[in-house]
Amino acid sequence: MERITIVGVGHVGRLVLFGLLQHEIRGTINLIDINDESYGYAIDGGHASLSKPDLNVVFNDDALAAQSDYIFHCAGPSVPKGAKRNEILDVSKTVTGSIFQHRSWKQDAKVIVITNPVEPVCRFVSEFGRISPENVFGTGTSIDTLRLRYALSHLLGIDPDRIRTLMIGEHGTGMIPLQSQTFVDDEPFTDQAVWNKAVAEARNAAHIIKGFTGYTSLGPAQVALELWQLLSGRAPSDLPFSAACSSRLIEKNETGPNWFSLPLSMNKRGIEAHLPEGIREAEWEQIRTVSAQLYRTMR
């Protein structure tokens, strides 16, 4: 029986709940939120789960949270339109501390962080929740990779299935687009003008969305669910996610875990990060710089 806790039942948390209800899960989904109105979503989710006889939805069950195998951390402030993610760092740290510091958690629980800024919040979760860094993951640059692929497909006027690309690093100012890992019909992509425009569009995508809706939700929820499928062994993914183990692959000038987005895979040894082959020296320089910046920000 699986036990899953969703922390924060806002726009993203509700979509994560809806996404989980589409999967075959035997167990319980626990919603944690300080707002009593979120109890309504638990009732609504409970009604929806009745079509699945082995699944139920509960609200603010701390005992169940302590036994949860997977925890989605969705609670925290939204990044205001035009602002940078690190501008909400202190508030996100306070919110994360209030949630994770005063509850018990399974040491082998897998935590999926969606709350911004993702990489530092991963560290806060590990420290406040006393959860091994190896078990805390972030959605990271997975959504940025999808946005870059989306921009390229529209600029080129082709099906996105014909495009492979990768954005690694930080879900923020430190996102690193890898042209060396970008292919159209398995051929290296070399149109520099289109590349520059696509990267700019991907970087600015969240601000454009917020100009219409005030927040982003569908994309973050979808990549969080894809990360959950990877961690639970349901399905592999070629998207990059933030993981503490990524720092082992990067030339070190730091000590301790440093969350950084890279492609991940599951094997008998657990979750492993991968650096793709063929990365250019200029891209490597960005990787080292962003890794060092993230290390300083997290501390």
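Contact here means heavy atoms within 4.5 Å, and the views below come from a predicted model.

**View A. Gln179 and the residues it touches.** Let's start in the loop between strand S9 (175–177) and S10, where Gln179 has its place. Leaving aside residues up to four places away in sequence, Gln179 touches Phe189, Thr190, Gln192, Trp195, Arg280 and Glu283. One of these, Trp195, also meets Gln179 through a polar contact between the two side chains, at 3.5 Å. Gln179 has a relative accessible area of 8%, so this residue counts as buried, the cut-off being under 20%.

**View B. The open sheet S7-S10-S11.** Next comes a sheet of three strands, open and with antiparallel pairing, in the order S7-S10-S11. Strand S7 (163–164) and strand S11 (187–188) are at the edges; each has a single partner strand, so one side of each lacks a neighbour in the sheet. Looking at one pairing, strand S10 (residues 183–184) and S11 are joined in the antiparallel sense over two bridges. For Val184, the bridge partner in S11 is Glu187.

**View C. His154 in helix H6.** Our last stop is helix H6 (residues 142–156), which includes His154. Is His154 buried or exposed? His154 counts as exposed because its relative accessibility is 55%, and the cut-off for that term is over 50%. Do take a look at Ala198 as well: His154 and Ala198 are 44 residues apart in sequence, and their C-alpha atoms are 9.0 Å apart in space.

Notes:
Residues are numbered from 1 along each chain as its sequence is written. This is a predicted model: local features need pLDDT of at least 70, side-chain atom pairs count only at pLDDT 80 or more; totals for chains, interfaces and linings use all residues. Side-chain values use heavy atoms; hydrogens and water are left out. Helices (H or I, at least four residues) and strands (E, at least two) are DSSP runs, numbered from the N terminus. Buried means under 20% relative accessible area, exposed over 50%, partly exposed in between (1.4 Å probe, protein chains only). Two strands pair if DSSP finds at least two bridges between them. A polar contact is a pair of N or O atoms within 3.5 Å; within protein, one must be able to donate a hydrogen and the other to accept it, and residues adjacent in sequence count only if both atoms are side-chain atoms.
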